[in-house]
Amino acid sequence: MYTSTFTFAWGEVGEEFHALDQRIADAAKSIPGYLGEEAWENASSGLVSNVYYWDSMEALQALMAHPAHIEAKRRQAEWLKGYHVVIAQVQGSYGDGGIAHPLAQRQVRWPS
């Protein structure tokens, strides 16, 4: 499994940004291998992180090749003050079941 984490600082966004963002979210959800997503905001720094979960690198790459994602990359400077992306392979995932999580049904333990 893989994660793609998109961390960014808000700039001036409007209806066009939100429409494109929704197209990307819809595209991600339609890709076989999409497992879910989470979003986090750091009140101190003002940064936002969107974490997408994927069952394969091919699924992640399908989103990266989607026309809406390519357009967003090309136009990000119009709306954001900066961004950073981290792609990671999941080495483990577990919990007590007390919260909903995109990987809750796919727990992977590493050696203890």
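Tyr83 is found in strand β4, which spans residues 80–89; strands here are DSSP runs of E with at least two residues, helices are runs of H or I with at least four, and both are numbered from the N terminus. The model is a predicted one, in which local features need pLDDT of at least 70 and side-chain atom pairs count only at pLDDT 80 or more, while totals for chains, interfaces and linings use all residues. Residues are numbered from 1 along each chain as its sequence is written, and side-chain values use heavy atoms, with hydrogens and water left out.

At 41% relative accessibility, Tyr83 counts as partly exposed, a class that lies between buried (under 20% relative accessible area) and exposed (over 50%), using a 1.4 Å probe and protein chains only. Together with Val85 and Ile87, Tyr83 makes a nonpolar surface patch of about 260 Å². Such patches are built from residues with over 30% relative accessible area and no salt bridge, where nonpolar side chains (Val, Leu, Ile, Met, Phe, Trp, Tyr) are joined within 5 Å and like charges within 9 Å. The areas come from the Shrake-Rupley method with a 1.4 Å probe, and for residues only the protein chains shown count as cover.

We turn next to the hairpin. Strand β2 (residues 34–41) pairs with strand β3 (residues 47–54) in the antiparallel sense over seven bridges; pairing requires that DSSP finds at least two bridges between the strands. Gly36 has Tyr53 of β3 as its bridge partner. Five residues lie between the two strands of this hairpin, and Gly46 takes a positive phi near 80°.

Leaving aside neighbours within four places in sequence, Leu47 is in contact (heavy atoms within 4.5 Å) with Thr7, Phe8, Ala9, Trp40, Glu41 and Asn42. Ser49 also lies in β3, but Ser49 is buried, with a relative accessible area of 17%. Its side chain joins that of Thr7 in a polar contact of 2.7 Å. A polar contact is a pair of N or O atoms within 3.5 Å; within protein, one must be able to donate a hydrogen and the other to accept it, and residues adjacent in sequence count only if both atoms are side-chain atoms. Not counting residues up to four places away in sequence, Ser49 touches Thr5, Phe6, Thr7, Glu38, Ala39 and Trp40.

Finally, the charged side chains. A salt bridge is a side-chain nitrogen of Lys or Arg within 4 Å of a carboxyl oxygen of Asp or Glu, and the count by this rule comes to four. Glu71 and Arg23 form one of them, at 3.5 Å from N to O. Glu71 lies in helix α3 (residues 67–79) and Arg23 in helix α1 (residues 15–30), so this pair ties together parts that are 48 residues apart in sequence. Arg23 is partly exposed, at 45% relative accessible area. Glu71 also meets Arg75 in a salt bridge of 3.2 Å; these two are four residues apart in helix α3, and therefore separated by about one helical turn. Arg75 counts as buried, at 11% relative accessibility, and its side chain meets that of Glu78 in a salt bridge of 2.9 Å. Glu78 is partly exposed, at 47%. Glu16, Arg23, Glu71, Arg75 and Glu78 are linked in a network of salt bridges.
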